[in-house]
Amino acid sequence: MQISSTEVSPLSPPDSPPPPHAGRTAPGLRASVGIIVVYFALQFAVSFLFGAAIAATAALRNNGAGIETAIRTTLAQPAMQALLAILSLGVAAPLTLWLMRRSWPALWPQAQPPGFGFVRPRQPLFFALAVLVGLPRRSSVRC
């Protein structure tokens, strides 16, 4: 019985330039968890601030007795919960993205890992395709 070995060529030739992310440090575990914690803390804080502003508006609208009831009624509305979620996401997400871009600017436009992949498409037609794919489809099944 004879054992033979074959040598596998490397994925890139030895004289090729290093990959574009060589030398750039990617966020580690601490930084990644930190960004996630900051995002949720921003959501909580922004939601609290908007809720307090809405409660103050409800209190000012209802002069006299029953201010506490007016505040509870206003904040208990289902649409109010959705509004607070939309507002908190609308503020927390851009702030988190800004913080990421400020912390790791070299990784922002890089499409391959460890980059974040915020790259313009080669053809503007891809924007139209993304909008078409994102549009809701009509369903033949009705509830």
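The following legends describe an overview and several close-up views of a predicted model.

**Figure 1. Overall fold of the predicted model.** The protein contains four helices and zero strands, so that its elements, read from the N terminus, follow the order α-α-α-α. Of its 143 residues, 15% count as buried. Among contacts with a separation of 6 or more, 55% are between residues 24 or more positions apart. The accessible surface comes to about 11900 Å², and carbon and sulfur atoms account for 67% of that area.

**Figure 2. Helix α1 and its buried residues.** Helix α1 spans residues 29-61 and comprises 33 residues. From its first C-alpha to its last it reaches 48 Å, close to the 48 Å expected at 1.5 Å a residue. The buried residues of this helix are Ile-35, Gln-43, Val-46, Gly-51, Ile-54, Ala-55, Ala-58 and Ala-59. The cover over these residues includes helix α2 and helix α3, the latter formed by residues 78-103.

**Figure 3. A nonpolar patch on the surface.** Leu-29, Val-33 and Val-37 together form a nonpolar surface patch with about 310 Å² of accessible area. Leu-29 belongs to helix α1. Leu-29 counts as exposed because its relative accessibility is 71%, above the cut-off of 50%.

**Figure 4. The largest nonpolar core.** Five residues make up this core: Ile-35, Met-100, Trp-104, Leu-107 and Trp-108. Leaving aside residues up to four places away in sequence, Trp-104 touches Thr-25, Pro-27, Ala-31, Ile-35 and Phe-116.

**Figure 5. Thr-96 in helix α3.** Thr-96 is found in helix α3. With a relative accessible area of 7%, Thr-96 is buried. Beyond residues up to four places away in sequence, its contacts are Ile-35, Tyr-39 and Leu-42.

**Figure 6. Thr-74 in helix α2.** Thr-74 lies in helix α2, which consists of residues 67-76. Thr-74 counts as buried because its relative accessibility is 11%, below the cut-off of 20%. Apart from residues up to four places away in sequence, Thr-74 touches Ile-54, Ala-58, Arg-61 and Met-80.

**Figure 7. The salt bridge between Arg-72 and Glu-68.** The structure holds one salt bridge. It joins the side chains of Arg-72 and Glu-68, with an N to O distance of 2.8 Å. Side chains of opposite charge can pair when their charged atoms come close. Arg-72 and Glu-68 are separated by about one helical turn because they are four residues apart in helix α2. Both partners are exposed: Arg-72 has a relative accessible area of 58%, and Glu-68 has a relative accessibility of 53%.

Figure 8. Pro-113 and Pro-114 are joined by a cis peptide bond, with omega at about 10°. Most peptide bonds are trans. Pro-114 is placed in the loop between helix α3 and helix α4, the latter formed by residues 125-134.

Methods
Residues numbered from 1 in each chain as written. Predicted model: local features only at pLDDT ≥ 70, side-chain atom pairs only at ≥ 80, totals over all residues. Heavy atoms only, no water. Helix = DSSP H or I, 4+ residues; strand = E, 2+ residues; numbered from the N terminus. Buried < 20%, exposed > 50% of the residue type's maximum accessible area, 1.4 Å probe, protein only. Contact = heavy atoms within 4.5 Å. Expected span 1.5 Å × (residues − 1). Patch = residues over 30% accessible without salt bridge, like charges linked within 9 Å, V, L, I, M, F, W, Y side chains within 5 Å. Areas by Shrake-Rupley, 256 points an atom, 1.4 Å probe, with all protein chains shown as cover. Salt bridge = Lys/Arg side-chain N within 4 Å of Asp/Glu carboxyl O. Core = buried A, V, L, I, M, F, W, Y, C linked by side-chain atoms within 4.5 Å.
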